[in-house]
Amino acid sequence: MNTEELLQQAEELLKPWAKEVSRPEDNRLDVRIEREDLLAAVDALILKAHRGYLAAITGLDHPEDEQVELVYTFPDMAALVNLRVSVPYADAQVPTLCDLIPSATLYERELMEMFGVTVVGTPDPARLLLSDDWPEGVYPLRKSFTGFDQLETESES
Amino acid sequence: MSDQSSNPLASVMDGLKSWARINSPWVIHYNSGSCNGCDIEILATLTPRYDLERLGVKLQGSPRHADILICTGPVTRQSKERLKRIYEQMPSPKFVVAVGSCGTASGAFRGCYNICESIGDVIPVDVYVPGCAPRPEAIIYGVAQLLEMIKSGAPSAEMRKAEEPAAVEG
Amino acid sequence: MEAKEPKKFIVPIGPQHPALKEPGHFEFSVDGEIVTGASIRLGYVHRGIEKGTEQRNWIQNIYLLERVCGICSHVHAMAYTLGVEKLAGVTAPPRAQAIRELVAELERIHSHMLWLGVAAHEGGFDTLFMYSWRDREVVMDLLESLTGNRVHYSTNVLGGVKIDVTPELADTIRKGCDFLEERLQHYLRVVTTDETFLARTRGVGPMTLEQAELLGAVGPTARASGVTRDIRIDAPYASYAEFPVTVVTDNGGDLTARFVVRIKELFESCRVIRQILDNMPESELVAKVPRRIPAGETISRVEAPRGELFYYIKSGGGDRPERVKSRTPSLCNWSTISTVAVGHKLADMPMLLAGIDPCFSCNDRMIQIRRKGHEDQLWTWEQLRRYGIEYYR
């Protein structure tokens, strides 16, 4: 199957949950879904149809909308399927993928500490990358965090 | 010091210890956040092409057996305490060689949020080996410089650090 | 589990250890000598590079991203430059792409030989460690004469490469490959026939194809379990479409298979290096890339020595990226450890950890004991020794 066919098949599979579908690149399909539908969509794409594997969970901060966007990337040969979920700062929660894909645990731990998105039900919520003395509630990959100096002055004041 | 000078045996013993130390310095290696580049060069230094072992240097697993700490990387927040702990576990007199530009002055990682300025900010450093990554020859030169320093009897960074507060008080 | 709780020990391994590489921290729960579970703590080398990329411009980031890892620095820079070129709508000239592939394959040789030595060291086979590192110096010399540096090659620039291969250099590289192939034949024989070494690797850490798929293993670790996944073939980048490689797999799934797959990959690398040198396309080395990259986002994937390297790059249209995410292959392979380790002896752990290509061998000098109904307790070796004597009395 070539890339085009793979992407068309993925689009077909994800149709029930897709809120918005786009093809920004030749080999990439972006599907926006609601977070409630995430597990069902991943189940249909990966476990039922065996299309691809989880390559990464990328977090994107959108301070202007007070949202964190999560991009779940599933490559299959050269084809890339992105599931995009947006969660507001006020209710930053997503369900865990670990029941379906055990290897998601490290990506989810990274997501939790870097963006402050709570992954509900992830098996090991301990810190993965940040130091033990890192202050609670500071998420380095949010745009509002601008560095070490700011952190120091805030903790002093 | 006065006790030692009054006892002729003590100075002989000191000389003997120093001689032994120069001829068989045991090193321990710790990566405190570097990119591995320096670490593989340190390993390359110890393997047959460069063979640092001909200077009597032996890589040691435990800090309690080591004389020299070879340390790489810009010291991340998480490894800072570990680096201090390893340094404290080493028996005195102890010496530190900081390898790489990022260990000297954070190098390429300057401005990243999770690092300290340099290894020298965390523990006293005797010799800096700059380079990104330094060649094995540079690392050998750095260690040779350190051995020269020990031979000449110049105070190590550890001793200078220990004397610092006294100097302020006096 | 509940009943076993009083006998459960947690053995911390790392972060400081005598071999090399990332100071990670593992905690193995053991029942006697048998491992019952594992958990990972990284972050000892977390420097904040992803955030750092947002404070540097597109060109400065090449320098920074090369320093994500000193062993596979070229592939990091290559993944990033390929991604940025895609965003800018520029394709690097064919000769530049061929040189990228050439350096990537030379780097694979250096990385796998380094790994061979370290893994042998973990298995207590220091002779092989010294020999493979001695021979690795040959490929280091080739890389140095080609790029001018032993560790960070700085080959990539946006739009191409900044080094060229002269015919004399090509000859040197061919000769180096001849030598390496001969030595690699020898190493392949050693790891498949040496009985003492096989005793440490055969049947250790088996991972089935299904497990490898489920746990998201990548690179040689996955291919040693029969997963035919290789970005160089699945989604060719640089010049891998013109100079293809064939995928090397093994169905063993154990440590021996991981040794065999990695060494066999090097024969393939040597072959493709010769092919590139014989058919080097003639063209410019650099295409022009604007200073400001048009807004957009892209995903760039390359096959690093350890497996799939994933870059997500987003531009807001300025002279700095808005977000660069890099997911390194080791991260994927870490998660296989916790499953594969269970049921093995603690003494096999350094080998198992080395098998995925990061490595470990040291114990922190304390043991944490969790007892039901008790607070966590830290024991020194002395207390542990006494406990051991009492236990067996």
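The paragraphs below walk you through this predicted model, starting with single chains and ending with what they share.

A word on conventions: residues are numbered from 1 along each chain as its sequence is written, while chains are lettered from A and ligands numbered from 1 in the order in which they are written. Because the model is predicted, local features need pLDDT of at least 70 and side-chain atom pairs count only at pLDDT 80 or more, whereas totals for chains, interfaces and linings use all residues.

Let's begin with chain A. It holds 4 helices and 7 strands; here helices (H or I, at least four residues) and strands (E, at least two) are DSSP runs, numbered from the N terminus. Along the sequence of chain A, the pattern reads α-β-β-α-β-β-β-β-α-β-α. Its C-alpha atoms fill a box of roughly 60 × 30 × 25 Å along the principal axes. Of the 157 residues in chain A, 39% are buried. A residue is called buried if 20 or more other C-beta atoms lie within 10 Å of its own, exposed if 12 or fewer, and partly exposed in between, with the C-beta atoms placed from the backbone.

Now find strand E4 (residues 67–76) of chain A. In this strand, 7 of the 10 residues are buried, so E4(A) is largely enclosed by the rest of the structure. Strand E3 (residues 56–62) of chain A pairs with E4(A) in the antiparallel sense over 7 bridges; two strands pair if DSSP finds at least two bridges between them. One pair to look for is Gly59(A), whose bridge partner in E4(A) is Leu70(A). The two strands form a hairpin with 4 residues between them, and Glu66(A) in the turn has a positive phi of about 50°.

E4(A) is also joined by 10 bridges to strand E5 (residues 79–88) of chain A, again running antiparallel. Here Pro75(A) stands opposite Leu80(A) in E5(A). E4(A) and E5(A) form a hairpin too, with 2 residues between them. In that turn, Met77(A) has a positive phi of about 55°. As background, strands of a sheet pair through backbone hydrogen bonds, either parallel or antiparallel.

Chain C comes next, with 14 helices and 10 strands. Of its 393 residues, 56% count as buried. Look for an open sheet of 3 strands in chain C, in the order E6-E7-E8 with antiparallel pairing. Strand E6 (296–304) and strand E8 (321–327) of chain C are at the edges with a single partner strand each, so one side of each has no neighbour in the sheet. Neighbouring strands of this sheet are turned by 15° against each other on average, direction ignored. Strand E7 (residues 307–315) of chain C is joined to E8(C) by 6 bridges, and Phe310(C) stands opposite Arg327(C) in E8(C).

Helices accompany this sheet. Helix H3 (residues 73–88) of chain C packs on the sheet, touching E6 and E7 of chain C, and its direction makes about 150° with that of E6(C). Helix H12 (residues 329–340) of chain C lies across E6, E7 and E8 of chain C, at about 130° to E7(C). For these angles, axes are lines fitted to C-alpha atoms, for helices over the stretch in contact, and angles run from 0 to 180 degrees between N-to-C directions. The buried residues of H2(C) include Trp58(C), Ile62(C) and Leu65(C); the buried residues of this helix pack against H1, H3, strand E4 (156–157) and E8 of chain C.

Finally, see how chains meet. The contact between chains C and B takes 33 residues from chain C and 35 residues from chain B, where two residues are in contact if their C-beta atoms, placed from the backbone, lie within 7 Å. Helix H1 (49–54), helix H2 (58–66) and helix H5 (126–147) of chain C each supply at least two residues of the side that touches chain B. The largest share of that side, 4 residues, comes from H5(C).

The largest nonpolar core has 202 residues, and those with the most contacts inside it include Val81(A), Cys71(B) and Tyr311(C). Such a core is a set of buried Ala, Val, Leu, Ile, Met, Phe, Trp, Tyr and Cys residues joined through C-beta atoms within 7 Å. Helix H4 (residues 94–122) of chain C gives the most to this core, with 15 residues.
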